[in-house]
Amino acid sequence: MNKKTDIKTALLDVEIILYKHAAKAEAEGTSLRVLKSMCIQAIDQCVIASKASAFYLIVSGRDNFRKTLYPNYKGNRGDKPPLYKPLSNAIEELYSNRWYQHDQLEADDLLGIMATNEKINNPIICSIDKDMLSVPGWHYNWDKDDWPAYVSQEEADYNWLVQLLMGDSTDCIEGMKGVGKVKAEKLIKKYGDPELSVPDQAKNIYEKENYSLDQYYNCLNTVTIWRKPLPEELLENELITEIVKTIPTLE
């Protein structure tokens, strides 16, 4: 992708912007009208800074499949700020033709799918969530990047493998207990095999270190951000298989 001349499309995790502004408004007493203007400005700034000429706003669905599989998923999260819902409704109404949502998927999954299904012109994932770095392609972090940065397939796979070993404590996803980023990287260096798929490498490390394979599958199904092609190992889960049927771009 030519940063200067090619048409680029920003895929914006707008939930982060909505939450941040709604929480700030609660503390400062900002009105919904002013809050809406602030979000519009934040969206515009992100699109411009990512050098995109088109954009989509991506949000999570109401019936998260991860919560169905694992009721404790994100169980440590509090309620959203009171103004989050009315703000979200106002922004959705304004950008209805750019608003993307699937009832059972999270914003992360839709971002991953849209960034890899070859239906979007030069997609750029716009998010400050480091977990998105397990998806190959162009990324823009509005908190720290001057330009979109490219994440190769090799880098994305490595990031995904690290996450499969660590889990994600912020979402109540347990991986290999006691394994943080440093130890995960040591285990990959010790046991990693690039000839194997990422899930098979992770499974092998769990087995070598005598961790429960049930925990491995729990982590695989919850940590993995969806993309095309969807990893075959995820399709061993019946619920995931049924959801995939509702997403033509993943069939």
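This is a predicted model: local features need pLDDT of at least 70, side-chain atom pairs count only at pLDDT 80 or more; totals for chains, interfaces and linings use all residues.

Visitor: Which residues of H5 are buried?
Guide: Ala107, Asp108, Asp109, Leu110, Leu111, Gly112, Ile113, Met114, Ala115 and Thr116 are buried. The buried residues pack against strand S1 (9-13), helix H1 (14-28), strand S2 (54-58), helix H3 (65-69), strand S3 (99-100) and strand S4 (123-126). After H5 comes Glu118, with a positive phi near 60 degrees.

Visitor: What is the order of the strands in the open sheet?
Guide: The six strands are ordered S3-S2-S1-S4-S5-S6, and their pairing is mixed.

Visitor: Why is one side of S3 and of strand S6 (149-151) left without a neighbour in the sheet?
Guide: S3 and S6 are at the edges and each has a single partner strand, so one side of each has no neighbour there.

Visitor: What makes S4 and strand S5 (residues 137-140) a pair?
Guide: Pairing needs at least two bridges. Three bridges join S4 to S5, so the two strands count as paired. They run parallel, and Ile125 stands opposite His139 in S5.

Visitor: Why is Asn141 called buried?
Guide: The cut-off is under 20% relative accessible area. Asn141 has 13%, so Asn141 is buried. Asn141 is placed in the loop between S5 and S6.

Visitor: What is Asn141 in contact with, leaving aside its neighbours within four places in sequence?
Guide: Asn141 is in contact with Ser127 and Ile128.

Terms used:
Residues are numbered from 1 along each chain as its sequence is written. Side-chain values use heavy atoms; hydrogens and water are left out. Buried means under 20% relative accessible area, exposed over 50%, partly exposed in between (1.4 Å probe, protein chains only). Helices (H or I, at least four residues) and strands (E, at least two) are DSSP runs, numbered from the N terminus. Contact means heavy atoms within 4.5 Å.
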